[in-house]
Amino acid sequence: MLKISAPDLWSAYFHARFHSPREVALFCDVSFQTALNWWGAVTAPASHTALLMILTDPGAAAFFQDQLARAA
């Protein structure tokens, strides 16, 4: 389930934390197209980006736990 829902989870997170795909691209040091894919739930970020989010956002883990609890 987590692998299937990962793009939607990450999209929701990026919408909650950032104002635009451009901000995501700049913060995560990825191309605008990659950020746009994450923003639109086309793909999910790789593990190094996930780690960046967890290490830089104290609320990230709680955000994902809440989203998963709602889906259950």
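Reader: Which helix holds Gln33?
Author: Gln33 lies in helix α3. Please keep in mind that this is a predicted model.

Reader: How exposed is Gln33 there?
Author: Gln33 has a relative accessible area of 46%. That value is between the limits of 20% for buried and 50% for exposed, so Gln33 counts as partly exposed.

Reader: What separation do the C-alpha atoms of Gln33 and Leu68 have?
Author: The two C-alpha atoms are separated by 27 Å. Along the chain, Gln33 and Leu68 are 35 residues apart.

Reader: And His15, where is that found?
Author: His15 is found in helix α1. With a relative accessibility of 41%, His15 is also partly exposed. The C-alpha atom of His15 is separated by 16 Å from that of Thr56, a residue 41 places away along the chain.

Reader: Let us turn to the overall fold. How many helices and strands are there?
Author: The protein has five helices and zero strands. In sequence order, the pattern reads α-α-α-α-α.

Reader: How does the radius of gyration compare with the globule rule?
Author: The radius of gyration is 11 Å, close to the 11 Å that the rule gives for 72 residues, so the protein is as compact as a globular protein of that length. Along the principal axes, the C-alpha atoms fill a box of roughly 35 × 25 × 20 Å.

Reader: What share of the residues is buried?
Author: Buried residues account for 32% of the 72 in the protein. The protein exposes about 4,600 Å², and carbon and sulfur atoms supply 62% of that area.

Reader: What does Phe14 touch, leaving aside residues up to four places away in sequence?
Author: Phe14 touches Val24, Cys28, Trp38, Trp39, Pro45 and Met53. Its relative accessibility is 0%, so Phe14 counts as buried.

Reader: Why is the pair of Phe14 and Trp38 described as stacked?
Author: The ring centres are 5.4 Å apart and the planes stand at 10 degrees. Planes under 30 degrees apart count as stacked, so the pair of Phe14 and Trp38 falls in that class. Because Phe14 lies in helix α1 and Trp38 in helix α3, the pair ties together parts that are 24 residues apart in sequence. Trp38 is buried, with a relative accessible area of 4%.

Reader: Which residues do the ring pairs link into a cluster?
Author: The cluster holds Trp10, Tyr13, Phe14, Phe18, Phe27, Trp38, Phe63 and Phe64. Arg17 lies over the face of one of these rings, that of Phe27, at 4.7 Å from the ring centre.

Reader: Where does Thr49 lie, and what does Thr49 touch?
Author: Thr49 lies in helix α4, residues 47–56. Not counting residues up to four places away in sequence, Thr49 touches Cys28 and Trp38. Thr49 is buried, at 2% relative accessibility.

Reader: Last, the backbone. What is phi of Asp29 and of Ala41?
Author: Phi of Asp29 is near 55 degrees, a positive value in a residue other than glycine. Asp29 is found in the loop between α2 and α3 and is exposed, with a relative accessible area of 71%. Phi of Ala41 is near 60 degrees, also positive. Ala41 is in the loop between α3 and α4, and its relative accessible area of 23% makes Ala41 partly exposed.

Key. Residues are numbered from 1 along each chain as its sequence is written. This is a predicted model: local features need pLDDT of at least 70, side-chain atom pairs count only at pLDDT 80 or more; totals for chains, interfaces and linings use all residues. Side-chain values use heavy atoms; hydrogens and water are left out. Contact means heavy atoms within 4.5 Å. Helices (H or I, at least four residues) and strands (E, at least two) are DSSP runs, numbered from the N terminus. Buried means under 20% relative accessible area, exposed over 50%, partly exposed in between (1.4 Å probe, protein chains only). Rings of Phe, Tyr and Trp (its six-membered ring) pair if their centres lie within 6.5 Å; planes under 30 degrees apart count as stacked, over 60 as edge-to-face and the rest as tilted. A charge sits over a ring if NZ of Lys or CZ of Arg is within 6 Å of the ring centre and within 35 degrees of the ring normal. The radius of gyration is taken over C-alpha atoms; the globule rule is 2.2 Å times the number of residues to the power 0.38. Accessible areas come from the Shrake-Rupley method with a 1.4 Å probe; for residues, only the protein chains shown count as cover.
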